[in-house]
Amino acid sequence: MKKKNISLPLGIFILIVVFDILTYCFQKIAVINSSESGIAFYTALISTPWFWLALILGPIQLYFWIKLLSKSDLSLAYPITSISTPIIVILAYFLFKENLNWQVWLGSALISSGIFMLNYKE
Amino acid sequence: MTDNILVMILICICILVETGEHFFYSLAGKLDRKKVLFIASAATIHLMGLGVWYGLLKLIPIGVAMPMMSLSYVTVALLGKFFFKETINSQRWIAIFLISAGAALIWGDIR
């Protein structure tokens, strides 16, 4: 029996994307707060709460991802959730004040359109 | 070892880890047996790769690391073609080219 769900449950989709973005933001904050080098970097990492927050979000996100896949085609869900990639790049620039030049922006635009095209079926 | 070479090696490792994860997820989806084993394998290498990923985040901005990781979409697609015998139509080849071109642009900047 083939599922033909065209409409994504919007709430679950938004939740997954938000969790994805939060995970990467927490990872970035954890790295910012761990300024040591070498092994000390990793011990500092696991002592920040941000590291654990990012880790916990993973299984939660997986749960909702499985829920989403039960209601929607993978060929639609997968490329749409990849929207988190360009959002992270934008957040990295505005929120974390990272230095991103035109190659990163153009490259990200190419990559994002490529990812969407990769799996999207009419 | 210069920083740039280390960054490139770390990126390759992270992409390989992510590809391996998707490989195990695919196996879990396609086969009717040992699903738990495959999902556990995916989770295991994910946790192992996490250390490398954080090391990478310390060296380069996440705005650069994230797009580079998108190369795993290409590797997974190629893995699907050569291992699972999935077909890649012209739309997908164009998409693979776009992702590769974007990654090459950023890659050339890291070097």
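Begin by selecting V64(B), P67(B) and M68(B) in helix α3(B), and then A103(B), I106(B), W107(B) and I110(B) in helix α5(B): these two sets of residues meet each other. The contact of α3(B) with α5(B) is made up of seven nonpolar residues, with no polar and no charged ones. Please bear in mind throughout that the model is predicted.

The crossing of α3(B) and α5(B) is left-handed.

Now turn to the loops of chain B. Select K34(B), which is found in the loop between α1 (3-30) and α2 (35-59). The phi of K34(B) is near 60°, a positive value in a residue other than glycine. Then move to K85(B), in the loop between α4 (71-82) and α5 of chain B. K85(B) is likewise not a glycine, and its phi is positive, at about 60°.

Finally, show both chains together. Here 40 residues of chain A are in contact with 31 residues of chain B. The size of an interface is often given as the accessible area lost when the parts come together. Chain A and chain B bury about 3,100 Å² between them, and 71% of that area is on carbon and sulfur atoms. Select I111(A), M117(A) and L118(A): they supply 21% of the area that chain A buries against chain B, more than any other three residues. How many salt bridges are found across the interface of chain A and chain B? The rule finds zero.

Note on methods. Residues numbered from 1 in each chain as written. Chains lettered and ligands numbered in written order. Predicted model: local features only at pLDDT ≥ 70, side-chain atom pairs only at ≥ 80, totals over all residues. Heavy atoms only, no water. Left-handed = near helix turned anticlockwise from the far one by under 90°. Helix = DSSP H or I, 4+ residues; strand = E, 2+ residues; numbered from the N terminus. Contact = heavy atoms within 4.5 Å. Nonpolar A, V, L, I, M, F, W, Y, C, P; charged D, E, K, R; others polar. Buried area = accessible area lost by both parts, 1.4 Å probe. Salt bridge = Lys/Arg side-chain N within 4 Å of Asp/Glu carboxyl O.
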